[in-house]
Amino acid sequence: MALTVGLRPLTRALLRPWARVPGAALGRPAAGSGDGVRCFGSPRVLVEPDPAAVGVAVMKMRNPPVNSLSLEFLTELLISLEKLENDKTFRGIIITSDCPGIFSAGLDLLEMYGRDPAHCAEYWKAVQELWLRVYLSNLVVIGAINGISPAGGCLLSLSCDYRVLANNPKYAIGLNETLLGIIAPFWFKDVLVNTIGHRAAERALQLGFLFPPSDALQVGIVDQVVPEDQVQSTARSVMAQWLAIPDHARQLTKNLVRKPTADRLLQQRDADIQNFVRFISRDSIQKSLHVYLEKLKQKKG
Ligand SMILES: CC/C=C/CC(=O)SCCNC(=O)CCNC(=O)[C@H](O)C(C)(C)COP(=O)(O)OP(=O)(O)OC[C@H]1O[C@@H](n2cnc3c(N)ncnc32)[C@H](O)[C@@H]1OP(=O)(O)O
């Protein structure tokens, strides 16, 4: 537990420069919460207590068009997560998307393409922090995956305790970095190996697999596949099962299982940042990102 507590001051230090994100004032009742239900509001992240489940918050990602994890979006997610961790009335979070058809398009490519090393370092620190914050959260975190979830979106899903995916063939999920000509860092790889096993992860990472729901269930990257209109209710009923376990025992067990993986990053965060900056700044990698971004634009015709 000390590790999680240890993170808090770190997060504060990390977040201090970004806490000035406009509109990130939290605790302010969101519009339409006239019934006195306390919601946390920020431009890209809406956190609402689940009216049907005491102690459960629903965190809706709303960074249109694709919930790409920009620095500002990451910061708002981190501030909301920290607020929830510190608010003892909450025991669980359901993370979902408000962007139709998209859970999250992953890391924001424009934060890594054509950016100076100092920006890339700051960005990567925030990416590390989001993963650590979700992966080691004392709360029960359930992914209600209601859209496509490539790369960083898949990492966010894998960091949850449980994953419910909507049964829509378009809603593929996976670490597809090799398709962009880049590679997933070791801690992305570690989480995938922990979830689907070494051989399946080795193959999926090298081939940049994006698993459609039926395959995602079979390989184990998600825990349940349900009709799209049952994702939220399924997440809520699974949450009830997990919250039936005494918090302290569950939290210590989660830490027991996850701490060795998180430690591998915690013990070398700066080196990981430097490695990322060196890697992403390479001409060949910048060229790959450029080609990929152009493909995305051409796709629109
Ligand atoms: C070492 C670093 C590790 C990396 C991990 C990562 O996360 S890298 C990012 C990997 N992400 C992807 O490969 C997803 C790329 N996006 C897509 O495949 C599609 O956009 C998606 C998510 C299937 C949605 O398709 P749709 O047709 O609905 O939207 P469209 O492609 O037109 O995109 C809308 C606009 O968003 C921009 N965009 C999409 N993804 C990203 C992204 N990850 N980062 C930044 N911007 C993204 C896209 O270019 C469009 O922009 P516009 O200005 O409207 O042309």
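Is Thr96 buried or exposed in this predicted model? Thr96 is buried, with a relative accessible area of 2%, where buried means under 20% relative accessible area, exposed means over 50%, and partly exposed is in between, using a 1.4 Å probe and protein chains only. The model is predicted, so local features need pLDDT of at least 70 and side-chain atom pairs count only at pLDDT 80 or more, while totals for chains, interfaces and linings use all residues. Residues are numbered from 1 along each chain as its sequence is written, and side-chain values use heavy atoms, with hydrogens and water left out.

**The ligand and its surroundings**

- The shell around the ligand holds 23 residues, and Ala105, Leu107, Gly152, Tyr292 and Lys299 come nearest; a residue is near a molecule or strand if one of its heavy atoms lies within 4 Å of it.
- A polar side-chain atom of Tyr292 is found 2.6 Å from an oxygen atom of the ligand.
- On the backbone side, a polar atom of Leu107 is 2.8 Å from an oxygen atom of the ligand, and a backbone N or O atom of Leu109 lies 2.9 Å from a nitrogen atom of the ligand.
- The ligand taken alone exposes 1,000 Å², and the protein buries 78% of that; accessible areas come from the Shrake-Rupley method with a 1.4 Å probe, and for residues only the protein chains shown count as cover.
- The space that the ligand takes is the largest pocket.
- A pocket is an open set of points on a 1 Å grid over the protein atoms alone, where a 1.4 Å probe fits, with protein on both sides within 12 Å along at least five of seven lines; lining residues have an atom within 4 Å of a point.
- A molecule sits in a pocket if more than half of its atoms lie within 2 Å of its grid points.
- Strand S7 (147-150) and helix H11 (283-299) are the elements that give two or more residues to the shell around the ligand; helices (H or I, at least four residues) and strands (E, at least two) are DSSP runs, numbered from the N terminus.
- H11 gives the most to this shell, with three residues.
- By residue class, the shell divides into 15 nonpolar, four polar and four charged residues; Ala, Val, Leu, Ile, Met, Phe, Trp, Tyr, Cys and Pro count as nonpolar, Asp, Glu, Lys and Arg as charged, and the others, Gly among them, as polar.

- Thr96 is found in strand S4, residues 92-97, and its side chain reaches the backbone oxygen of Ala144 at 2.9 Å.
- That pair is a polar contact, meaning N or O atoms within 3.5 Å; within protein, one must be able to donate a hydrogen and the other to accept it, and residues adjacent in sequence count only if both atoms are side-chain atoms.
- Ile95 also lies in strand S4 and is buried, with a relative accessible area of 2%.
- Ile95 and Pro213 are 118 residues apart along the chain, and their C-alpha atoms are separated by 18 Å.
- Val141 has its place in strand S6, residues 140-145, and is buried at a relative accessible area of 1%.

**Backbone features in the loops**

- The peptide bond from Pro64 to Pro65 is cis, with omega near 10 degrees.
- Pro65 sits in the loop between strand S3 (56-61) and helix H2 (71-86).
- Asn67 lies in the loop between S3 and H2 too, and is buried, with a relative accessible area of 0%.
- Phi of Asn67 is near 50 degrees, a positive value in a residue other than glycine.
- For Ala151, a residue other than glycine, phi is likewise positive, near 50 degrees.
- Ala151 is placed in the loop between S7 and helix H4 (152-158), and counts as buried at 12% relative accessibility.

- Ala118 lies in helix H3, residues 117-135, and is exposed, with a relative accessible area of 57%.
- Ala118 and Val277 are 8.4 Å apart in space, C-alpha to C-alpha, and 159 residues apart in sequence.
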